[in-house]
Amino acid sequence: MENISEFLYGKDYSEKLDKFNKSIDQIHSEYNREFDTSGYFTMQTHNEKGEVKLDFDQDKNIPTELKDKVLSTFNEIWK
């Protein structure tokens, strides 16, 4: 199967996810080696509620600017 997210959640979701991932990759490129950008947030998709949720790992010392950029990007795309 070519695009599992499109199959599971629909084309609109898949397009938003692609846009979000590209934006996050760009943000992460700005933090090259300054902060470990792997695994500091989790996205949850609730099919029945039709919503996507973003949670930050409270155990990581995430730079405020990075967190703000990710949250802003998330809200711009998913809200």
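Colleague: Let's start with the largest pocket: which elements each supply at least two residues of its lining?

Modeller: Bear in mind that this is a predicted model. Helix 2, strand 1 (41-46) and strand 2 each give two or more residues to the lining of the largest pocket.

Colleague: And which element has the largest share of that lining?

Modeller: That is helix 2, from which three residues of the lining come.

Colleague: What is the volume of the largest pocket, and which residues line it?

Modeller: The volume of the largest pocket is about 190 Å³, and its lining is made up of Tyr9, Asp12, Tyr13, Lys16, Thr45, His46, Asn47, Gly50, Glu51, Val52, Trp78 and Lys79. By residue type, the lining divides into four nonpolar, four polar and four charged residues.

Colleague: Stepping back, how many helices and strands does the chain have, and in what order do they run?

Modeller: There are three helices and two strands in the chain, and read from the N terminus the order is α-α-β-β-α. The C-alpha atoms fill a box of roughly 35 × 25 × 20 Å along the principal axes, and of the 79 residues, 27% count as buried.

Colleague: What about the surface, how much of it belongs to carbon and sulfur?

Modeller: Carbon and sulfur atoms account for 42% of the accessible surface of the chain, which comes to about 5,800 Å².

Colleague: Now the inside: how many residues are in the largest nonpolar core, and which have the most contacts there?

Modeller: The largest nonpolar core has 17 residues, and Tyr40, Leu66, Val70 and Trp78 are those with the most contacts inside it. Helix 2 (11-30), strand 2 (51-56) and helix 3 are the elements that give two or more residues to this core. Trp78 is also one of the residues that line the largest pocket.

Colleague: Take Val70 from that list, what does it touch?

Modeller: If residues up to four places away in sequence are not counted, Val70 touches Phe20, Ile24, Ile27, Tyr40, Phe41, Leu54 and Phe56.

Colleague: Phe56 is in there, so is Phe56 buried or exposed, and where is it found?

Modeller: Phe56 is found in strand 2, and it counts as buried because its relative accessible area is 12%, where the cut-off for buried is under 20%. Apart from its neighbours within four places in sequence, Phe56 is in contact with Tyr40, Phe41, Ile62, Lys67, Val70 and Leu71. From Phe56 to Leu8, 48 residues apart along the chain, the C-alpha atoms are separated by 24 Å.

Colleague: What about Thr73, where does that lie and is it buried or exposed?

Modeller: Thr73 lies in helix 3, which covers residues 64-78, and with a relative accessibility of 13% Thr73 counts as buried. Leaving aside neighbours within four places in sequence, the contacts of Thr73 are with Phe20, Ser23 and Ile27.

Colleague: Last one, where is Asn61, and why does it count as exposed?

Modeller: Asn61 sits in the loop between strand 2 and helix 3, and it counts as exposed because its relative accessible area is 70%, where exposed means over 50%. The C-alpha atoms of Asn61 and Tyr9 are separated by 32 Å, the two residues being 52 apart along the chain.

Definitions and conventions
Residues are numbered from 1 along each chain as its sequence is written. This is a predicted model: local features need pLDDT of at least 70, side-chain atom pairs count only at pLDDT 80 or more; totals for chains, interfaces and linings use all residues. Side-chain values use heavy atoms; hydrogens and water are left out. Helices (H or I, at least four residues) and strands (E, at least two) are DSSP runs, numbered from the N terminus. Buried means under 20% relative accessible area, exposed over 50%, partly exposed in between (1.4 Å probe, protein chains only). Contact means heavy atoms within 4.5 Å. A nonpolar core is a set of buried Ala, Val, Leu, Ile, Met, Phe, Trp, Tyr and Cys residues joined through side-chain atoms within 4.5 Å. On a 1 Å grid over the protein atoms alone, a cavity is a set of points where a 1.4 Å probe fits but cannot get out, and a pocket is an open set with protein on both sides within 12 Å along at least five of seven lines; lining residues have an atom within 4 Å of a point. Grid points are joined across faces, edges and corners, and a volume is the space filled by probe spheres set on the points. Ala, Val, Leu, Ile, Met, Phe, Trp, Tyr, Cys and Pro count as nonpolar, Asp, Glu, Lys and Arg as charged, and the others, Gly among them, as polar. Accessible areas come from the Shrake-Rupley method with a 1.4 Å probe; for residues, only the protein chains shown count as cover.
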